[in-house]
Amino acid sequence: MADLSDSNISDAYQEVRSDKSDTNWLLLDYEGDRSDKLVLTQTGTGGLAELQGALDDGKASYAYVRVEYANDKESKRNKFILVVWIGPSCKVMRKAKISVHAADVKKVLPVFSIEVPAREKSDLDEDPIIVRLRKAGGASYDGV
């Protein structure tokens with residue numbers, strides 16, 4: 001089991017979810033190489049592009065992101081995604097625990113439209129994620 005007792009995690013989660021906050025992502029990393037404790041390491045206001053720069057190729061991390069997109073000129077939507085990051089240089093023993101720990105993370109960050117498994121930073125390019133969000137969102141009037 002992952003230890004998600006860091007109180008900063010729930011505070012950051014509420015901030016990302018808030019319409020009144022500019023913070024639109026949070027990043028959880030393991031406290032150490034052998035630790036199963038996850039701690040809040042970063043938050044940001046620059047969306048997926050900024051998050052890509054914060055990810056470490058040698059780590060496994062979890063991110064929660066608010067993605068805003070427009071279906072037409074009049075409507076904007078905010079949707080939330082959960083990112084499970086396994087960097088290309090992540091150690092094998094860490095990779096082995098990810099699926100179990102991801103279930104624990106989902107209990108603490110429960111509201112999201114899609115889960116995005118990411119192995120390369122390009123897996124977090126915004127356009128394909130927005131396409132997935134539109135498909136997950138139900139009715140689509142723009143042919144996507």
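Which residue forms a salt bridge with Asp 36? I looked it up, keeping in mind that this is a predicted model. The partner is Lys 97, with the closest N and O atoms 3.2 Å apart. I then checked where the two sit: Asp 36 is in the loop between strand 1 and strand 2, while Lys 97 is in helix 3, 61 residues apart. Asp 36 counts as partly exposed because its relative accessibility is 22%. Lys 97, at 33%, is partly exposed too.

Next I went through the other pairs. The count comes to five salt bridges. One of them joins Asp 33 to Lys 91, at 3.7 Å between the closest N and O atoms. This pair also links distant parts of the chain, with Lys 91 in the loop between strand 4 and helix 3. Both Asp 33 and Lys 91 are exposed. I also noted Lys 76 with Glu 68, again 3.7 Å for the closest N and O atoms. Shared partners tie Asp 36, Arg 94 and Lys 97 into one network.

Then I turned to helix 3. I find it at residues 92-108, spanning 25 Å from first C-alpha to last, close to the 24 Å expected. Helix 3 bends by about 45° at Ile 98. Ile 98 is on my list of its buried residues, and so is Arg 94. Strands 1, 2, 3 and 4 are among what covers the buried residues of helix 3.

Last entry: I checked the record. UniProt's unreviewed entry lists residues 1-134 as "domain: ADF-H". Over that stretch I get 34% helix and 30% strand.

Definitions and conventions
Residues are numbered from 1 along each chain as its sequence is written. This is a predicted model: local features need pLDDT of at least 70, side-chain atom pairs count only at pLDDT 80 or more; totals for chains, interfaces and linings use all residues. Side-chain values use heavy atoms; hydrogens and water are left out. Helices (H or I, at least four residues) and strands (E, at least two) are DSSP runs, numbered from the N terminus. The expected span of a helix is 1.5 Å times one less than its number of residues. The bend at a residue is the angle between axes fitted to the seven residues ending there and the seven starting there. Buried means under 20% relative accessible area, exposed over 50%, partly exposed in between (1.4 Å probe, protein chains only). Contact means heavy atoms within 4.5 Å. UniProt positions are given in the numbering used here, feature names are shortened, and annotations may be inferred rather than shown by experiment. A salt bridge is a side-chain nitrogen of Lys or Arg within 4 Å of a carboxyl oxygen of Asp or Glu.
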